[in-house]
Amino acid sequence: MKLIFFKINDMYKNRFLRFQFLLDRSEIKNPKILLMRTVKLFLITIVLITTLWSCEFLDYNELDQYNKDQMLMEFSRVKSLLTNVYSYLPTDFSSVNGAMRASASDDAEHVWEVSDIQKFNDGSWSPLTILDDQWNNMYSGIRIANFFLKETDGLTFDLIKYNVDYPELMKQFAYYPYEARFLRAFYYFELIKRYGSVPLITTLLTQEEADKVTPSPFNTIVDFIVSECDTASKYLPVGYSGLPASETGRATKGAAMALKARTLLYAASPFHNPTPAVNDPKWIAAAKASKELIDLLGSNYLPLEDYSKIVNNLTSKELIFERRQGEDRAFEEANTAIGFEGGNTGTCPTQNLVDAYEMKATGLGIKEVGSGYNATDPYATSGPTARDPRLAMTILYNGALWKSTQTVQTWYGGLNAPPALNATKTGYYLKKYMIESISLNPENPSTAIHVWVLFRYGEILLNYAEAMNEVYGPEGLGSAPLDNLTALQAVNIVRARPGVEMPPFPTGMSQNAFRDKLRNERRVELAFEDHRFWDIRRWKIGPFTTNIRGIDLTRDPVTKEITYTLKVVETRVWDDKMYLYPIPQSELFINNNLEQNPGWF
Amino acid sequence: MKKYSIQKQLYLWLILLLINYPGIAQQKLFTGTINDENDNPVRNARITIKEQPGMIIFTDDNGKFNIPGEKGQILEVMTRDQHYRSLRLEEDQIVLSLNKNDALIPVGNRLELRKEELTSAIGIVRADELVKSSVINPANSLYGKIPGLTVLQNGGTNWNNDPDIFVRGVETFGIGNFINTNILTLVDGFERPLSSLSLAEIESVAVLKDAAALAVFGLRGANGVLLVTTKRGTGNGLSVDVNYEHGITKAFRLPEFLDAHGYASAVNQAHVNDGLDPLYSQVELDRFQSGSSPYLYPDVNWIDESLRDFGSGNKFSISFQEQANTVRYFAVLNYDEEQGLLGPVNENTGYNTQISGNKFNFRANIDMDLTRSTKFTLNLAGNLGNSYRPGTENDETDIFKAIYTIPSAAFPVKTYNDAWGGTSAYDNNPVGLISASGYSEKGRRELMTDFLLERKLDNLIKGLSAGGFVSFDKSFDYQDSYSRLFQYEQITPILDPVTYAITDTAETSLGTTTTLAFNSIPVSQWRRTTFGANLRHSTDWEDNKLSSMLLLQSEELIRTGRNNTFRHLLAAGNIHYSKAGKYFADLAMSINGTNTLPEGSRTGFFPALSLAWKMSDEEWFNANQIFDNLKLRASWGLSGNDQVIQNINLNAFTPGGPYYFGANNNPTGGYSEGRLASNPLTYETSYKSNFGIDASMLGMLDLTLDLFYNKRKGILVETAGSVSRVLGVDPAFSSSGIVNNKGFELGLNIYDNKGDFTYHLDGQLSYARNQIVEMLEEYRPEEYLKRTGQRINQSFGLEATGFFRDATEIADSPKQTFAIIMPGDIKYKDQNNDKTINEYDEIPIGYSTQVPEFYFSGLAGLKYTFVGIEAFFQGTANYTTYLNTIGIFWPLIANSSISNYSDDSWTPATANTATLPRLTMSENANNYRPNSIWFADASFFKLRSLELYFDLPSKIISKLKLDRMKVYARGMNLFSIDKIKIVDPEATGITYPTVSSYNFGIQIGF
């Protein structure tokens, strides 16, 4: 292009010479020469312009982005495509417009009345008022995974063939498609647990195709996830620490097996499997999937991690797969109690959850006869009235220590209590996942790495116990590989973990009694790890989770004695349609093949 | 003077003798008189004979001339005010009365047509009207001057501000913040900003409105074109014009903020409304009111402290023009200077911090006849401008933001320790910003050059001529700042908790005082190169006339920043035909290519056809006594717009979400697929139809009426609303938006004279109503939510039905989901009856916030002998604005001040009469959101100028050896009738205020 401009410049220079030539008086006397010159001049100009027209004068642009070919040319760019697929992994750090999804379960209530999360609870959720919009987000993750699978297949990166690290890079690259397939399966699981049946897309759609897709039934997608996980787990490594680049955090064999186990557990659960057969194959499949993973990980993962070190810990012993985050403090800003520096309150755990914690000494629920529960010292951490230690590690209650200096005061008039604006609605604040060392001092704030647990060994054990109990009862065994670990044994591993050491489940429980106690165990063990919201749905216990309770504390100004008064914080709206999310109305408007989930309109 | 004309004749004969012209033997002398439409003689009109180029005669003071010629030759008359007539020499005595139909109208590509011949819709305003404005940027002289041209004033200093200009409203919309409504401004045929010129240079400004006029501009015409023509040398002998004007400026309107007591009471009220205890005790309120402790309980009127009442300005221009032998030139020097409205500007030694600007413009337009058939034109122009302001970080809006948002009770200007007042919440003491933050200078250097060569080629084909041109412009803006920071002091009284007596004070020094730090940055620059060539041909036979033009042009504009280079190639042609001076037809077309679009769709073809019929020239029409002139026009054609986001035809990959790997959680960059390629992608095409009537009636009334209907297709729109999100990536943009735009323009002039009395009344009314026909809108559950079918930039919001009275009413009403509702909050109408107030209850309110539908103006002038008075009004209607300026309309939030606009805020006592919601200290998302309370009618009716002038009578002038002399006093923007009241309805945000000005000037010509 530059050349052409030089050319033009030259031409113009010549033209000026010609103009000067025209001024020559002697020339003027000969009009014919003059005429010829002018005509020539004019023709030259026309030729010049038409030449320009046909050449690249108009091809000028200043694009500075890669196109597809450039993306696929270099290993690092291909890798960055897969990195992007990982970025769609979910957390429940403030996942619904600043609130935890847990605040839409009976484990918590969000302090802010006009928060979107309340629409789950007050019935104003609708196909028009979309909450937790993963329809959009997950299909974006699926798209980039599909792109990766389609376009990077067979790439050899010849440009770097003779680099020293080429073999190592190619070794990493060999895992990439299976990572992508695992992640894509993960995103489909995120979709089906919300929407039931969704379109199963494994190609790169055009806009026209996207508008005509048809949904696949829930079970078809379950089968797809299972088969993808089977393939991925076949090829993925057990861990990355010994491999080139040591990129821990990538999908492992265990992660793929864990996804399969959880998916099959959901598929076998009452919501999707309302009338299980005797020796129900779905429950057996779920139990087997969990057991295969337990067998794979075996004793390496035992004993389990200290309960207080499970979350926000990259090196947690029982971690199978996690959603990593950079250094920030957004979660602490969103959930620190009012009254602490920078605190404005967010998630308020409910009395419902607090009541689920059993008694440390007896292993009994607080309402059971002989449990040893003392209503005037409900949060005891030691002695005969002590509660399950996981309570203190999950929830901040009155008297709990926070930031090692300040005691939480939730009695009326206390530092962290009403009538202060934005004080807790339930009497509790969140502790789990909150990093205590983060400073919210506006002058000198600090940050830390947050790690969201996606799969951990404890969950797999509970998944296994649940599935086994449904088929074989608490203490029954099946055929291999279900022949050496009972449901009861599995759950007791969890309860016996260091730092918790709760009494084991008793022997001789009925299947139903075991189920109830296991569900309570699961609620406590996995509290605020984004399970309760989904367990309510797959167990179909929605109507029993609407009564949200809290506690009022009053302190006698003289004796400093606290009085506890239970209260109802909220009576939520439940409708059975809420077992599934509504499909966004705008999607139905565009695509006639989609069908709204039952009950939503 | 008579002597002079005899000299002229002698000179003429001398030329004739010198020119060895064949057939001189048959020559005879023709004599004639040129009159204007009021039968006054036209002096200094140029008379030429087409067949004898080089011979130029001028009319004398009585409009008379003698010219040698022969029968059958074409006599051409050209007046100084751009009227043109040609006629075939038959009679010895010629009497010509020129009228409005003879006015030359620029039609683009340096061509002009007599108004009579015009078939397209073109509006024009000439220098004599434009110079009635005392402005620096010529764009600001255009308010209401041309039917169909909407010019909306913006805030900002006179030397920096640029109005928004639209032709026939708007008929397109951009995606996001992308602006695609810019019109094309051409100065002497080359794209240039109007702000680069000074008024003294401008001969006329024409607006091209319909396809017939715009088709030749191809991809750049659809939004309308502004043709600016600069002055050229004309007239006999040297004439010099000198203008000087002194102006005094004054803020047009400034909001009034509550004093300290009023502010503190309002804060208390807000606290009570928020359910809190009042912040100030009665004792403290009293201290604010009494002013007894001005340092601890200050009451500062920041406007009074920061601004002075009047600014001032001077304008000077001198121009020379002459027709000498074969050279004609016009040269002008223009200097504008203005001092702004800041008050405390002399606190520093070595510099003053007044906000001010100056601009020096120069221009030389030279036409040379190199030979009898070769004309060379050189236009050389440029400007040097400097503006000065205090050294605040951004620009002067920092200062006005401080003035408008800092409460009167916040802190004193200076504390008793002679330190700048301030607090940790308010680090921007306005007086400190003005006088203690150094200063900053901004400079602009612009050079504009055109070279044109035109050659007649009659020897080849009779009537043929060819030309070539090159034009090069360069503009550069830089900023040199000498800025510093200042320390300020916060003084807090310590009160006895019971009696509120001041027991002590706490003094805190905040910030630091630094020395002047020099920083120089290039702000922006652009350069433009255009070159091309054209062929022209004109011929006639019997009563037919045919002229045609062919143009090839290449242009490049490079501006600062990426994707800011624009290249165009244009081939344009035009054929103009007339028969019997009654029937006219134009066929215009162009092929235009652009670099902003991908290959294959970057070139467009734009044809247009237009016809005109001068009905009044039909013989059967003569019986009609009402019409002196009646012409009908009709046009249809295409025009394009290539202002689209660049490179969207490619599927680019963009940095996407990162992830963290490894034992150290290393952040690793991700890349994701960007928006899908937008293909096919094309330019916008406007299908424009126009029907017009030009009429003159009863010898005193001119009327022009144009009706138009435009359909804009190919507008780039987002497809997200029509593509399933299962796609998983941003869907392509689509060139499938459609907008209809229809309306009319009416221009009316009435003029008459009764003896020494002359008066004229001009009226203009423009109406343009657009409607979005297609925008691939997203799904909207309710009909009233749809943007399709509405105006472009129609305001949407909730409909307020009143204010909540008490908790019972809140409980009984539909749930409002934006914030926790308290009594005094705005209650909204539940449009869809779903018992919830949310975004689905937003309805269209008012009109567009972008452009008014009605734009009108009126001028009334009266003159008695040499004294005249003229008033010019301009107004708009069907126009909406969103009053969301914090401090002025939205009080107290974000620690801001409160103006008297909030006087009508809700309190329990005024619940029945309040027009605004309760005061609150929080950024209440229920009240402060688009709704019918904050969308206000922005219509206005302004007195743009009022002028009293003395055109000194010729008796005095000739004694002074002058040509003419005018002395005047002129007021600009004197008042406005509108509904906003506390600020200029055209500038409701935080800006340097718009100004009124009082100007005294003198114009001398000799």
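In the predicted model, a salt bridge joins Lys815(B) to Asp122(A), with 3.2 Å between the closest N and O atoms. Six salt bridges are found across the interface of chain A and chain B. Polar contacts between chain A and chain B amount to 26 residue pairs, with both residues at pLDDT 80 or more. On the side of chain A that touches chain B, helix α3 (residues 31-54) of chain A contributes the most, with 13 residues. This side of chain A comprises 44 nonpolar, 21 polar and 17 charged residues. In total, 82 residues of chain A contact 81 residues of chain B. The two chains bury about 7,000 Å² between them, and carbon and sulfur atoms account for 65% of this area.

Two or more lining residues come from each of β49 (940-951), β50 (964-978) and β51 (995-1005) of chain B. Nine residues of the lining of the largest cavity are polar, six are nonpolar and two are charged.

The second largest cavity has a volume of about 130 Å³. Of the 15 residues that line the second largest cavity, Leu186(B), Phe217(B), Gln553(B), Glu555(B) and Leu570(B) lie nearest its centre. At least two lining residues each are supplied by β13 (184-187), β14 (190-191), β27 (517-541), β28 (544-559) and β29 (565-579) of chain B. The lining of the second largest cavity has six polar, five nonpolar and four charged residues.

Technical notes
Residues numbered from 1 in each chain as written. Chains lettered and ligands numbered in written order. Predicted model: local features only at pLDDT ≥ 70, side-chain atom pairs only at ≥ 80, totals over all residues. Heavy atoms only, no water. Contact = heavy atoms within 4.5 Å. Buried area = accessible area lost by both parts, 1.4 Å probe. Salt bridge = Lys/Arg side-chain N within 4 Å of Asp/Glu carboxyl O. Polar contact = N/O pair within 3.5 Å; in protein donor to acceptor, adjacent residues only side chain to side chain. Helix = DSSP H or I, 4+ residues; strand = E, 2+ residues; numbered from the N terminus. Nonpolar A, V, L, I, M, F, W, Y, C, P; charged D, E, K, R; others polar. 1 Å grid on protein atoms, 1.4 Å probe; cavity = no way out; pocket = protein on both sides within 12 Å on 5 of 7 lines; lining within 4 Å. Points joined across faces, edges and corners; volume = space filled by probe spheres on them.
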